[in-house]
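Open the model in your viewer and keep the sequence panel beside it. The stops below say what to select and what is there.

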Amino acid sequence: SVGKFKPTKAHFFVKFLDNKGLLQLYLTECIDKMMDLTGLDYEKIVHVFGSYEGATCSGCGYIHNAMDL
């Protein structure tokens, strides 16, 4: 959850580019998952440093849910 914060015009501009067919992939260093709130297809978002959603084991690759941590 991102709490009281909301996506900015810059976040929605990325979604606009996607709607126009101009976005192939969106790489982000942000871990707040704010882009998810714009409706951008999750398949197009790459969270370079991960997200609040969970954690991935660097040894085996298992993805842990945030609620389990």
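A residue is called buried under 20% relative accessible area, exposed over 50%, and partly exposed in between. Keep those cut-offs at hand, and remember that the model is predicted.

**Stop 1: the whole chain**

Show the chain as a cartoon. The secondary structure comes to one helix and four strands. From one end of the sequence to the other, the order reads α-β-β-β-β.

The chain has 69 residues, of which 25% count as buried. Take the contacts with a separation of 6 or more: residues 24 or more positions apart account for 21% of them.

**Stop 2: helix α1, both faces**

Select residues 9–19, which form helix α1. Which of its residues are buried? They are His11, Val14, Lys15 and Asp18. Turn the view until you look down the axis of α1. The buried residues fall within an arc of 95°, so they line one face of the helix.

What covers the buried residues of α1? Strand β1, residues 26–28, is part of the cover. Then step just past the end of α1 to glycine 21, where phi is positive, at about 80°.

**Stop 3: aspartate 18**

Stay on helix α1 and select aspartate 18. Is aspartate 18 buried or exposed? Its relative accessibility is 13%, so aspartate 18 counts as buried. Show its surroundings, leaving out residues up to four places away in sequence. Aspartate 18 then touches Leu23, Leu40 and Lys44.

**Stop 4: the aromatic pair**

Select phenylalanine 13 and phenylalanine 16, and show the rings. An aromatic pair is described by the distance of the ring centres and the angle of the planes. The structure holds one aromatic pair. The ring centres of phenylalanine 13 and phenylalanine 16 are 6.0 Å apart and the planes stand at 25°, so the pair is stacked. The cut-off for stacked is under 30 degrees.

Both phenylalanines lie in helix α1. They are three residues apart, which is about one turn of the helix. Colour them by accessibility. Phenylalanine 13 is partly exposed, with a relative accessible area of 47%. Phenylalanine 16 also counts as partly exposed, at 42%.

**Stop 5: threonine 38**

Where does threonine 38 sit? Its place is in the loop between β1 and β2, the latter being residues 45–47. At 9% relative accessibility, threonine 38 counts as buried.

Zoom in on the side chain of threonine 38. One of its polar atoms lies 2.6 Å from the backbone oxygen of methionine 35. Next, hide the neighbours within four places in sequence. Threonine 38 is then in contact with Pro7, His11, Phe12 and Lys15.

**Stop 6: methionine 34**

Select methionine 34, in the loop between β1 and β2. Methionine 34 is buried, with a relative accessible area of 6%. Methionine 34 and proline 7 are 27 residues apart along the chain, and their C-alpha atoms are separated by 5.8 Å.

**Stop 7: the cysteines**

Select cysteine 57 and cysteine 60. How many disulfides does the structure hold? The count is zero. To see why, check the sulfurs. The sulfur of cysteine 57 has its closest cysteine sulfur in cysteine 60, 3.7 Å away, too far for a bond. A disulfide needs the two sulfur atoms within 2.5 Å.

Finish with accessibility. Cysteine 57 is partly exposed, with a relative accessible area of 29%. Cysteine 60 counts as exposed, at 61%.

Methods
Residues are numbered from 1 along each chain as its sequence is written. This is a predicted model: local features need pLDDT of at least 70, side-chain atom pairs count only at pLDDT 80 or more; totals for chains, interfaces and linings use all residues. Side-chain values use heavy atoms; hydrogens and water are left out. Buried means under 20% relative accessible area, exposed over 50%, partly exposed in between (1.4 Å probe, protein chains only). Helices (H or I, at least four residues) and strands (E, at least two) are DSSP runs, numbered from the N terminus. The arc is that of the directions from the helix axis to the C-beta atoms. Contact means heavy atoms within 4.5 Å. Rings of Phe, Tyr and Trp (its six-membered ring) pair if their centres lie within 6.5 Å; planes under 30 degrees apart count as stacked, over 60 as edge-to-face and the rest as tilted. A polar contact is a pair of N or O atoms within 3.5 Å; within protein, one must be able to donate a hydrogen and the other to accept it, and residues adjacent in sequence count only if both atoms are side-chain atoms.
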